[in-house]
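Thanks for coming. I will go through one model today, starting with the terms and then taking the helices, the sheet and a few single residues.

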Amino acid sequence: MDWTEHTIWWHMYPLGFVGAPIRDWPGPHSAEAAQHAGEHRLGQVTAWLDHVLALGANGLLLGPVFTSATHGYDTLDHDHVDPRLGTDDDLDALVAAAHDRGVRVCLDGVFNHVSRDHPRVRAALADGPHGPDADWFAIDWDAPGGPRPAVFEGHDTLVELNHANPAVRAWTVGIIDRWTARGVDAWRLDAAYAVDPGFWADVVAQVRARHRRTWFLAEVIHGDYRETAAASGVDSITQYQLWKAIWSALVDRNFFELEWALRRHNDLLAAFVPNTFVGNHDVTRIASKVGPDAAALALVVLATVGGIPSVYAGDELGWTGVKTDGWDGDDAVRPAFVPAPTLPWDGPEGRAFRLHQQLLGLRRRHPWLVRAHTRTLELTNTHYVYQSTADAGSLIVDLDITTTPRAQVRSPHGEVLATVSPSEK
């Protein structure tokens, strides 16, 4: 197995995690910027690395860390760390501290769009259709009210790059190459579904020519995952279909939906290894979506089916948070964490944490699960028994929501490996 198939990612959103200002941020060129850089907030992330290991994870999947206008996905400068997080040296120190512990680091590569205030956007609009930067973006030069660049999914502040421009491709390769050379192990390609897969195929191939063990995860929300993986050359794709089926089956008391999604998941595993998850920075937390008892069953599924799993920071503590529409809709799922954790956790957080330790530990003891396929043994709306199998082993997983949510993981010989019930979380 490659290192990537032994990795369990702890996914976190840095700007929120460290309590940095977001909407009331005057910008990286403001008088406050130097002060924020002096606070070296990325050190707070370093302080949580032992928590990552105690959890049973060994990968740190970071949200945006580069200089941006507000929330991180409106990038202004891919060559430097956002001053609200610290300095480039602070990121180097975080990567080094992670590597010292055997923890891999994945950065969020936002290459579909940039901030409307990005220097190149400003230059393109100022210089007109014949300027040197005009071809970096799709701009309607005759739009009423003045030139209008194409934007990402209606977000006026996020200007889409022109991926047909070879200069954009070379620029993207250059950014990934430079940060990978500084020790970054992997890249999440944000909004990869909005970009021609041929662009990614070229970028991935060029980066791999110099950094052959770099892992690429594409954010893909819809479409044909197998086709996208094949055409783009990425290693993994976010398995949103399975994410949706897990919580929806528990909410609607309909395990037939989960069973159907797992059959589809088997098809994907024949082509590549998806990134599996029950929470991330863009969705309502699983404990809010299905309730804390059913969230434990969602974790059982995550721990026992094929894929490269990620745990969203705070889910392992049973935290809640509902994503809403509007300018502050992400705040509840992107909260600030304390500067350093206190281990061991106690109370409800401790119970959730120990359950994660138990189930992620089970997965570590059965590393073949990364490529395991599932087979249905029993199925009703509220009771589902499946067998996860790969060449190296097999497990039986019993999920029951007929009354209160319960689950059990057994060996094929009947040995109970894990039990989850409301009284035992």
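A definition before anything else: a residue is buried under 20% relative accessible area, exposed over 50%, and partly exposed in between, with a 1.4 Å probe and protein chains only. Helices (H or I, at least four residues) and strands (E, at least two) are DSSP runs, numbered from the N terminus.

With those terms, the buried residues of helix α11 are Phe-255, Leu-258, Glu-259, Ala-261, Leu-262, His-265, Asn-266, Leu-268 and Leu-269. Seen down the axis of α11, these buried residues fall within an arc of 165°, so they line one face of the helix. The arc is that of the directions from the helix axis to the C-beta atoms.

Now the provenance. This is a predicted model, in which local features need pLDDT of at least 70 and side-chain atom pairs count only at pLDDT 80 or more, while totals for chains, interfaces and linings use all residues. Residues are numbered from 1 along each chain as its sequence is written, and side-chain values use heavy atoms, with hydrogens and water left out.

Next, the overall picture. The protein chain has 14 helices and 20 strands. Of its 425 residues, 58% count as buried. The C-alpha atoms fill a box of roughly 70 × 45 × 40 Å along the principal axes. For 425 residues, a compact globule would have a radius of gyration near 22 Å, and the chain agrees, with 22 Å. That radius is taken over C-alpha atoms, and the globule rule is 2.2 Å times the number of residues to the power 0.38. A contact means heavy atoms within 4.5 Å. Among contacts between residues at least 6 apart in sequence, 69% join residues at least 24 apart.

On to the sheet. Two strands pair if DSSP finds at least two bridges between them. Which order do the strands of the open sheet take? The eight strands run β13-β12-β11-β5-β2-β1-β15-β14, with parallel pairing. At the edges are β13 (236-237) and β14 (275-277), each of which pairs on one side only. Three bridges link β14 to strand β15 (residues 308-312) in the parallel sense, and Phe-277 has Ser-310 of β15 as its bridge partner.

Four bridges join strand β1 (residues 9-12) to β2, with His-11 partnered by Leu-61. Another three bridges join β2 to strand β5 (residues 104-109), again parallel; here Leu-60 is partnered by Val-105. Within β2, Gly-59 and Leu-61 point one way and Leu-60 and Leu-62 the other, and all are buried. In general, side chains in a regular strand alternate between the two faces of the sheet.

Back to helices. Helix α8 (residues 197-210) has 14 residues and reaches 21 Å from its first C-alpha to its last, close to the expected 20 Å. The expected span is 1.5 Å times one less than the number of residues. Which residues of α8 are buried? They are Phe-199, Trp-200, Val-203, Val-204 and Val-207. Down the helix axis, these buried residues of α8 fall within an arc of 120°, so they line one face. They pack against α7 (166-181), β11 (186-189), β12 (215-218) and α9 (225-232).

At the start of α8, a side-chain oxygen of Asp-196 comes within 2.9 Å of the backbone nitrogen of Gly-198. That is a polar contact: a pair of N or O atoms within 3.5 Å, where within protein one must be able to donate a hydrogen and the other to accept it, and residues adjacent in sequence count only if both atoms are side-chain atoms.

Arg-208 is also in α8. Is Arg-208 buried or partly exposed? Arg-208 is partly exposed, with a relative accessible area of 22%. Not counting residues up to four places away in sequence, Arg-208 touches Thr-214, Phe-216, Gly-233 and Asp-235. A polar atom of the Arg-208 side chain lies 3.2 Å from the backbone oxygen of Thr-214. From Arg-208 to Asp-177 is 31 residues in sequence and 9.2 Å in space, C-alpha to C-alpha.

Last, Gln-44, which sits in helix α3 (residues 42-46). Gln-44 is buried, with a relative accessible area of 19%. Leaving out residues up to four places away in sequence, Gln-44 touches Phe-17, Val-18, Phe-337 and Pro-339.
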